[in-house]
2 protein chains.
Amino acid sequence: MRKPHAHDEQLLRGGPLVEREEVFSSRARGMKRSVIRELLKLTANPEVISFAGGLPAPETFPVDEVREAVTKVLDEEPHKALQYGPTEGDGRLRRDLAEVMERDGTPADPERILVTTASQQGLDLVGKIFFDPGDTCIVGLPSYLGALQAFKNYEGVPVGVPLDDHGMIPEELVKTLDRLEGEGRRPKFIYLVPDFQNPAGVTIPVERRRKIISIAEERDYLLIEDTPYRQLRYTGKHEPTFQSLAPERVLSLYTFSKILLPGFRLGWAYGPEWVINKMVMSKQAVDLCTPPFTQAITHRVLATGALWKGIEYNIKLYGGRRELMLDLLDRHLSDVDGVKWTRPEGGLFLWLTLPEGMNSDDIFKDAIDHNVAYVPGSAFYPNAEDHQGMRLNFSYASEEQIGEGVKRLSDLIHDLV
Amino acid sequence: MRKPHAHDEQLLRGGPLVEREEVFSSRARGMKRSVIRELLKLTANPEVISFAGGLPAPETFPVDEVREAVTKVLDEEPHKALQYGPTEGDGRLRRDLAEVMERDGTPADPERILVTTASQQGLDLVGKIFFDPGDTCIVGLPSYLGALQAFKNYEGVPVGVPLDDHGMIPEELVKTLDRLEGEGRRPKFIYLVPDFQNPAGVTIPVERRRKIISIAEERDYLLIEDTPYRQLRYTGKHEPTFQSLAPERVLSLYTFSKILLPGFRLGWAYGPEWVINKMVMSKQAVDLCTPPFTQAITHRVLATGALWKGIEYNIKLYGGRRELMLDLLDRHLSDVDGVKWTRPEGGLFLWLTLPEGMNSDDIFKDAIDHNVAYVPGSAFYPNAEDHQGMRLNFSYASEEQIGEGVKRLSDLIHDLV
């Protein structure tokens, strides 16, 4: 005979199903809807000019090249492209991706590539293979929201290290590692967005890259380099990837979402065999494989040179929008004491810091009332501890919208000072 | 000052990176490469006739309809289809999916649909939201390999309940629940593949469905109904879905992989709001959204009626292959004492049981030497405890190959008896 249960009575009364948080895993009980996602709902009003999202401009999508590629795929290999494929990804595409990396100065072996359902899946797999509940990792302060969410969803504990205008500060990294190691909480890895960091827009110069690598080598840490748009540089000189500087110690995550198009959800992970192998095993049970259809199309699109042509176009378009936003901020806000912003050399975002005492969470509703939107800085902190910063996107809004949106934001800040 | 670490010495010697299992999460240390996947490598030899995979026949893919759909998508909505999309999925497609369910006798609300990167992602999300390490769930003996793998990858513990020719045996279910509840190990859910079960090929009749539901209701369990090919019925009458019988208690997982094409990796989950909500939250950090491009294409393909036309074609093709395989087994193996096989009314697989004392793992290499392949039954048991069964697929091999392959397998069995 089965023993009676605490909730049997409720059930025998024909009560509702176990509709309670307790039936979920501990990780799921902690899950929250993405802040950005909820904010984006508020910005759905067409009157609102939104600097909140991270969308690429749709006019940059290579529609014609995709059309031609699909035709070839369906004419020449329909049965392969519409069938299941290998978990690691299409072999031809993996060779293409290695070439993309090599053109960017990073020697690459196709065998070390895992094609992912965009780089968000790379982050999810990293969380899955590294975190037991309570395990720590190092992230920037601020850091990419999607990474924080992916890590937390495996009950990982991201520990923040402050950034300055040149990215993660090595001395602060050492201090944080000392503290964590001292507490017996050795981090699983150090997570970096080295180029035009999301959300801060800052880039780590080569000397600092070397410094961070030597810290990682000395203490035997894996580095994770998340680099979704390092090809989108508008000014200054390219820095070498962490991958090229320390291939045995770096897992790199790439995506086509910002440099080609996001609608295929296609990215890749590159790194030491022992990490990639475990990610492959994990991916088998996650989705078997990334869609072979979009992999085959992308292989054909890459063969046309559309990626690099598109990147040139993106650089012109986004570079112009960035310059416009910086000019407007200079014009409208340089008279306000304590307001400052980063001057990213590439990417999609800049980071604006409000004057002491002004709170980007609190004034978000006011901003919406002024028909302009941003993402409050707290979203990018592991414990939501920042309230002065905000992330502004300059890739999606048109020049006209940027002009009007910056004006609205400036008016609001002036009103509040 | 940082305290010295056990492995510091190794590192200071410039030794290799933390290239050890211990750096991984406990779940990742337990991950193994899929058995099927490794087996498929052995079957890559074109001489081998493989009944091992679960691939649909490529001649069933609606290539022309896909071509037309892509043209429309790229002409009419390129900027939407190539952009990011909502995590829940394309609203139009969700309405289509509700219609697919309704046509199948299951009333459905589009708001309760989450589009997934095929049903494997559905299983992964289920694992993620329900399992803390050691948590149990009920599965069939045997059970779908990909589900076992997905659940184990979250350190869930699938506990098997025997099947007979009519699926999971209710009396055995009650016994197992009694035992687990008695041990304080209340399962998180009961996982079922009610139609043409993978791997056994058996179907649960409506009376038994009702019985299982009443057990679940009495004890307040969630049921998971994984139903990848219930539309592929070759004989007998359709049974109602668990979803239609108990909508508040059933999470259903669907996929297009077997009824349309697998190369889009497109499926959906349908269930009570409290479960779907948590899956949506979880999916946000997993891949943000399933590719909007393939969702838009599928929406257009569905509008042409290609799904139901294709299902009719599949039923003819696979139904014929099933009949052929059953006839050949009857002809070649009914004289061998103790060999038996299931007679599935639909789906892609049947289950063959070897005579007492013969081991499907052990003779696998012999089978490969005879140029024929199957999946050993142990792959479908949570603790690999079966060694007499094997899964045979009848959807992928041609009639000619089925003829020759069954002959080879029969010869082997005869030789070994």
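Helices (H or I, at least four residues) and strands (E, at least two) are DSSP runs, numbered from the N terminus, and two strands pair if DSSP finds at least two bridges between them. Opposite B:Leu352 in β11(B) stands B:Trp341. β11(B) also pairs with strand β14 (residues 389–393) of chain B, in the antiparallel sense and over 5 bridges; here B:Phe349 stands opposite B:Asn393.

Strand β11 (residues 349–353) of chain B is mostly covered, with 5 of its 5 residues buried. Buried means under 20% relative accessible area, exposed over 50% and partly exposed in between (1.4 Å probe, protein chains only). The cover extends to both faces of β11(B): B:Phe349, B:Trp351 and B:Thr353 are buried on one side, and B:Leu350 and B:Leu352 on the other.

## Basis of the model

The model is predicted: local features need pLDDT of at least 70 and side-chain atom pairs count only at pLDDT 80 or more, whereas totals for chains, interfaces and linings use all residues. Residues are numbered from 1 along each chain as its sequence is written, chains are lettered from A and ligands numbered from 1 in the order in which they are written, and side-chain values use heavy atoms, with hydrogens and water left out.

## The sheet in chain A

In chain A, an open sheet of 4 strands has the order β10-β11-β14-β13, with antiparallel pairing. Its edge strands are β10 (340–341) and β13 (375–376) of chain A, each of which pairs on one side only. β13(A) is joined by 2 bridges to strand β14 (residues 389–393) of chain A, and these strands run antiparallel. A:Val375 has A:Arg391 as its bridge partner in β14(A).

Helix α14 (residues 306–333) of chain A lies across β10, β11 (349–353) and β14 of chain A, and runs at about 15° to β11(A). Axes are lines fitted to C-alpha atoms, for helices over the stretch in contact, and angles run from 0 to 180 degrees between N-to-C directions.

## Strand β8 of chain B

Strand β8 (residues 250–255) of chain B is largely enclosed by the rest of the structure, because 6 of its 6 residues are buried. B:Val250, B:Ser252 and B:Tyr254 point one way from β8(B), while B:Leu251, B:Leu253 and B:Thr255 point the other way, and all are buried.

Strand β7 (residues 223–226) of chain B pairs with β8(B) in the parallel sense over 4 bridges, and B:Ile224 stands opposite B:Leu251. Strand β9 (residues 267–270) of chain B is joined to β8(B) by 4 bridges and runs antiparallel to it. The bridge partner of B:Leu253 in β9(B) is B:Ala269.

## Symmetry and contact between the chains

Chain B is superposed on chain A by a rotation of 180° with 0.0 Å of shift along its axis (RMSD 0.0 Å). The two copies are thus related as by a two-fold rotation axis. Superposition is by least squares on the C-alpha atoms of residues with pLDDT of at least 70 in both copies. The copies meet through the same surface, because 100% of the interface residues of chain B are also interface residues in chain A.

Helix α12 (residues 273–287) of chain A and helix α7 (residues 118–130) of chain B have axes that come within 5 Å and cross at roughly 105°. α12(A) is therefore roughly perpendicular to α7(B). Angles under 35 degrees count as roughly parallel, over 145 as roughly antiparallel, 65 to 115 as roughly perpendicular and the rest as oblique. A:Gln284, A:Ala285, A:Val286 and A:Asp287 in α12(A) meet B:Gln120, B:Gln121 and B:Asp124 in α7(B), where contact means heavy atoms within 4.5 Å.

## Nonpolar cores

A nonpolar core is a set of buried Ala, Val, Leu, Ile, Met, Phe, Trp, Tyr and Cys residues joined through side-chain atoms within 4.5 Å. The largest holds 210 residues, of which A:Phe293, A:Ile297, A:Leu352, B:Phe293, B:Ile297 and B:Leu352 touch the most other members. A second, separate core of 69 residues includes A:Met31, A:Cys137, A:Val280 and B:Phe189. Not counting residues up to four places away in sequence, B:Ile297 touches A:Phe293, B:Val66, B:Ala69, B:Val70, B:Val73 and B:Phe264.
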